[in-house]
Amino acid sequence: MNKEQFEQMKNSKGFIAALDQSGGSTPKALKLYGITEDQYSDEEQMFNLIHQMRTRIIKSPAFSHNKIIGAILFEQTMDRQIDGKYTADYLWDEKHVVPFLKVDKGLLDLDADGVQLMKPISNLADLLKRANEHHVFGTKMRSVVKKASKAGIARIVDQQFEIAAQIIAAGLVPIIEPEVDINIPDKAEAEAILREEILKHLDKLPATSDVMLKLT
């Protein structure tokens, strides 16, 4: 683990930039940026265009560690370069921004308990290996809670920490993100259940394990 990056994430104040649109959300992001689907012919061209967009954002003088302490990358972004450096190296070497990798593959459909678990991450071991090779600090994975269901929220947190254990074993720091939908009527109750379930798992973690929490 890069200790300077660890101290920055632990003690500095600022935003974590989300530069992790996946293949499903990229067309919409490009459209908002002014590029319609008839301006590229395949997925490779699409990802090249989104990388050009991200490159302009990252190279902007406003994109600075004084305000942005970390950035979450999509794996296609991690594998591409900015000015001859892989994106994670450019972020840290040139911007002093800590690189993270989105590892989840999206969400399953809403279940009977009112939650959306993560889809299976079949290539997690390979992703973590590549993340280490690219000098990534940590990972990010998102689940969604839409109902104050103790059983559902327990399963959300179980899954998050089960995958987090694999990430920690690989030497990376996981961002655990069990998002509570801001619009649900029983949000306060859902958050109380979520807090209880998270604390159960945190109490079981070895003292040497480090995790981050992203909570609404």
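**View 1. The largest nonpolar core, with 42 residues, has Phe63 and Met141 as the residues with the most contacts inside it.** A nonpolar core is a set of buried Ala, Val, Leu, Ile, Met, Phe, Trp, Tyr and Cys residues joined through side-chain atoms within 4.5 Å, where buried means under 20% relative accessible area (1.4 Å probe, protein chains only). At least two residues of this core come from each of several elements, including strand S1 (15-19), strand S7 (138-145), helix H7 (150-169) and helix H8 (187-204). H7 gives the largest share, 7 residues. Helices (H or I, at least four residues) and strands (E, at least two) are DSSP runs, numbered from the N terminus. The model is predicted: local features need pLDDT of at least 70 and side-chain atom pairs count only at pLDDT 80 or more, whereas totals for chains, interfaces and linings use all residues. Residues are numbered from 1 along each chain as its sequence is written, and side-chain values use heavy atoms, with hydrogens and water left out.

**View 2. Surroundings of Met141.** Not counting residues up to four places away in sequence, Met141 touches, among others, Val103, Met118, Ile163, Ile167 and Ile176; contact means heavy atoms within 4.5 Å.

**View 3. Packing of H7 and H8.** The two helices pack at an angle of about 40 degrees, with their axes 9 Å apart; axes are lines fitted to C-alpha atoms over the stretch in contact, and angles run from 0 to 180 degrees between N-to-C directions. Residues of H7 including Ile153, Val157 and Phe161 meet residues of H8 including Ile193, Leu194 and Ile198.

Terms used:
Buried means under 20% relative accessible area, exposed over 50%, partly exposed in between (1.4 Å probe, protein chains only).
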